Amino acid sequence: MIKLLSHLSYVAITSPDVEASVEFYKNQVGLIEVDRVDGAVYLRCWGDYYAYSVVVIPGDEPSLATAAWRTTSAEALEEAAKRVQAAGIEGEWLDDVPHIGRAFRFTGPWGHSLTLHWDVTRHHDTEGEAASSYPDRPSRRSKVAGAPRQLDHVTIACSDVDAFAAWYNEVLGFRIMARTVLDEAPISVFSVLTTNEKSHDLGVVLDGSSRAGRINHYAFWVDTREELLIAADILGENGYPIEYGPSIHGIGEQNFLYYREPSSLRIELNTGGYRNYVPDWTPNTWKPSQGSNNMYRNSVMPMSMTESFPPADGPSATEEGVPEEIKEALLNPYAQQGQG
Ligand SMILES: [Fe+2]
């Protein structure tokens, strides 16, 4: 298979209070507002190469509206769409995605909306206050301390981690980089996939609910661990609780910090970690006891980290059909260590 996808390009999320979310992203995370279309607000990090990387859309609950990947070429977009359709998913062609234009959007087998596109609008401030003295830098570094350089990854929730990873590997060519299987039972609770040299631009965590299409978190990249620590420091001073971290994931070897935006959706800052471009990488199967999530293994992940969005007890959720062993796995402290 030719390489189809290049990188995660944007994440669109819904928020019941768009203005509160946008204010947080601008003033606490350090994103820049670039456009508003039909109530949706488009934002970018200072180092993002395209028009935007985050879209906040009005909605009743926090949720993933879509996650978008740029393809490696126009031909790759056609091929990717064909492969999705050959896998039995019709999808639809869009012509009017703001600042992108043509895109192929489909709902994957576990209910997550993905958008694939080749066309983009590049962002480059070449004059004025936002222009950088680095010619390759899309705009000047943010004055918000700890502001991320760019979007990093999205981690979704689904009821079958291994089947999810296999589908995205076989249909779209994501490389499977690692997975976590419980110490006590052969249950996969986490896996990471990538389209490039990062450990992951797509993560998947076991979802014990029966609500499809949920997101666990999405993440931004900061250049240094110091910026991640400063972000944690300032969030605390500004009265925003830190959910988990700062610490380091075993899988991917990235430093992490988790907190929530006003909708309650979880966001993460990442930095460090390996770069891996091995095309025939053999993924390791980690045990939580090895520190797959927290390599220091000196704290238990807060139970709140198992919450995904929208909430499992929402209107379309049911407890029926969720195997007992999965329910137990999610209540087991070691299972909690499996996520990343
Ligand atoms: Fe993450």
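## Close-up views of a predicted model

**View 1. The largest pocket and its lining.** The largest pocket is lined by 23 residues, and those nearest its centre are His 7, Gln 150, Leu 151, Asp 152 and Lys 198. The model is predicted: local features need pLDDT of at least 70, side-chain atom pairs count only at pLDDT 80 or more, and totals for chains, interfaces and linings use all residues. Residues are numbered from 1 along each chain as its sequence is written, and side-chain values use heavy atoms, with hydrogens and water left out. On a 1 Å grid over the protein atoms alone, a pocket is an open set of points with protein on both sides within 12 Å along at least five of seven lines; lining residues have an atom within 4 Å of a point. The pocket holds about 460 Å³ of space. A volume is the space filled by probe spheres set on the grid points, which are joined across faces, edges and corners. Strands S1 (5–15) and S9 each supply at least two lining residues. Strands (E, at least two residues) and helices (H or I, at least four) are DSSP runs, numbered from the N terminus. The lining has 7 nonpolar, 10 polar and 6 charged residues. Ala, Val, Leu, Ile, Met, Phe, Trp, Tyr, Cys and Pro count as nonpolar, Asp, Glu, Lys and Arg as charged, and the others, Gly among them, as polar.

**View 2. The iron site.** His 153 (NE2), His 217 (NE2) and Glu 268 (OE) coordinate the iron ion at 2.0 to 2.2 Å. Donors are N, O and S atoms within 2.8 Å of the metal (3.2 Å for Na, K and Ca); water is not among the atoms, so sites may look incomplete. The donor residues follow the spacing H-x63-H-x50-E. His 153 sits in strand S9 (residues 150–158) and Glu 268 in strand S16 (residues 266–272), 115 residues apart. His 153 is buried, at 0% relative accessibility. Glu 268 is buried too, at 1%. Buried means under 20% relative accessible area, exposed over 50%, and partly exposed in between (1.4 Å probe, protein chains only).

**View 3. The largest nonpolar core.** Leu 172, Tyr 218 and Phe 220 touch the most other members of this 71-residue core. Helix H3 (residues 161–172) gives the most to the core, with 7 residues. A nonpolar core is a set of buried Ala, Val, Leu, Ile, Met, Phe, Trp, Tyr and Cys residues joined through side-chain atoms within 4.5 Å. A second, separate core has 12 residues, including Ala 12 and Leu 94.

**View 4. Val 56 in strand S4.** Val 56 belongs to strand S4 (residues 54–58). Val 56 is buried, with 0% relative accessibility. Leaving out residues up to four places away in sequence, its contacts include Ile 13, Val 22, Tyr 25 and Leu 43. Contact means heavy atoms within 4.5 Å.

**View 5. Backbone angles in two loops.** Asp 38 has a positive phi, near 50 degrees, and is not a glycine. Asp 38 lies in the loop between strand S2 (32–37) and strand S3 (40–44). Its relative accessible area is 78%, so Asp 38 is exposed. Arg 297 also has a positive phi, of about 50 degrees. Arg 297 is in the loop between S17 and H5. Arg 297 is partly exposed, at 48%. Most residues other than glycine have a negative phi, and most peptide bonds are trans. The bond from Phe 309 to Pro 310 is cis, with omega near 0 degrees.

Definitions and conventions
1 Å grid on protein atoms, 1.4 Å probe; cavity = no way out; pocket = protein on both sides within 12 Å on 5 of 7 lines; lining within 4 Å.
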